[in-house]
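The sequence and structure are shown below for reference.

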Amino acid sequence: MTYDTDDARWAAWETRDRAADGAFFVAVRTTGVYCIASCPARPLRQNVVFHDSREAARAAGFRACLRCKPDRVAA
Ligand SMILES: [Zn+2]
């Protein structure tokens with residue numbers, strides 16, 4: 001499984017697919033944090049932006065989510 005489209009990433013995020021952790025990062029515009037796929041946070045899709053790496057998410061101004069701790073997984 002690859003996660004190279006927004007639809008594939010959203011599907012993985014919706015199902016909290018742990019296999020997708022680290023494959024991409026989910027930035028939530030309303031909270032200013034970025035998450036891994038298995039995070040329990042459930043934002044609306046319209047508020048979500050996908051990033052290929054945590055560096056990209058950070059560069060866009062997001063910080064690590066305190067719930068899923070995206071910095072503890074290997075990217
Ligand atoms: Zn999170």
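The secondary structure of the protein chain, in this predicted model, consists of two helices and four strands. Read from the N terminus, the elements follow the order α-β-β-β-α-β. The radius of gyration is 11 Å, close to the 11 Å that the globule rule gives for 75 residues, so the chain is as compact as a globular protein of that length. Along the principal axes, the C-alpha atoms fill a box of roughly 30 × 25 × 20 Å. Of the 75 residues, 29% are buried. Among contacts with a separation of 6 or more, 47% join residues 24 or more positions apart.

**The sheet**

The four strands form an open sheet with mixed pairing, in the order β3-β1-β2-β4. Its edge strands, β3 (48-51) and β4 (63-64), each pair on one side only. Strands of a sheet pair through backbone hydrogen bonds, either parallel or antiparallel. Here β1 and β3 run antiparallel and are joined by four bridges. Within this pairing, Val-26 has Phe-50 of β3 as its bridge partner.

In soluble globular proteins, nonpolar side chains tend to be buried together. The largest nonpolar core of this model has 18 residues, and those with the most contacts inside it are Phe-25, Val-26, Tyr-34 and Cys-35. Two or more residues of this core come from each of α1 (6-14), β1 (25-28) and β2 (33-35).

| Residue | Residues in contact |
|---|---|
| Cys-35 | Phe-25, Val-26, Val-28, Ala-41, Cys-65, Cys-68 and Pro-70 |
| Phe-62 | Ala-27, Gly-32, Val-33, Tyr-34 and Ala-57 |

Among the contacts of Cys-35 are Phe-25 and Val-26, which are themselves listed with Cys-35 among the core residues with the most contacts. Tyr-34, another residue of that list, is in contact with Phe-62.

Phe-62 is located in the loop between α2 (54-59) and β4. Phe-62 and Cys-35 lie 27 residues apart in sequence, and their C-alpha atoms are 9.7 Å apart in space.

Note on methods
Residues numbered from 1 in each chain as written. Predicted model: local features only at pLDDT ≥ 70, side-chain atom pairs only at ≥ 80, totals over all residues. Core = buried A, V, L, I, M, F, W, Y, C linked by C-beta atoms within 7 Å. Buried ≥ 20, exposed ≤ 12 C-beta atoms within 10 Å, placed from the backbone. Contact = placed C-beta atoms within 7 Å. Rg over C-alpha atoms; globule rule 2.2 N^0.38 Å. Pairing = 2+ DSSP bridges. Lists of a residue's contacts leave out its neighbours within four places in sequence.
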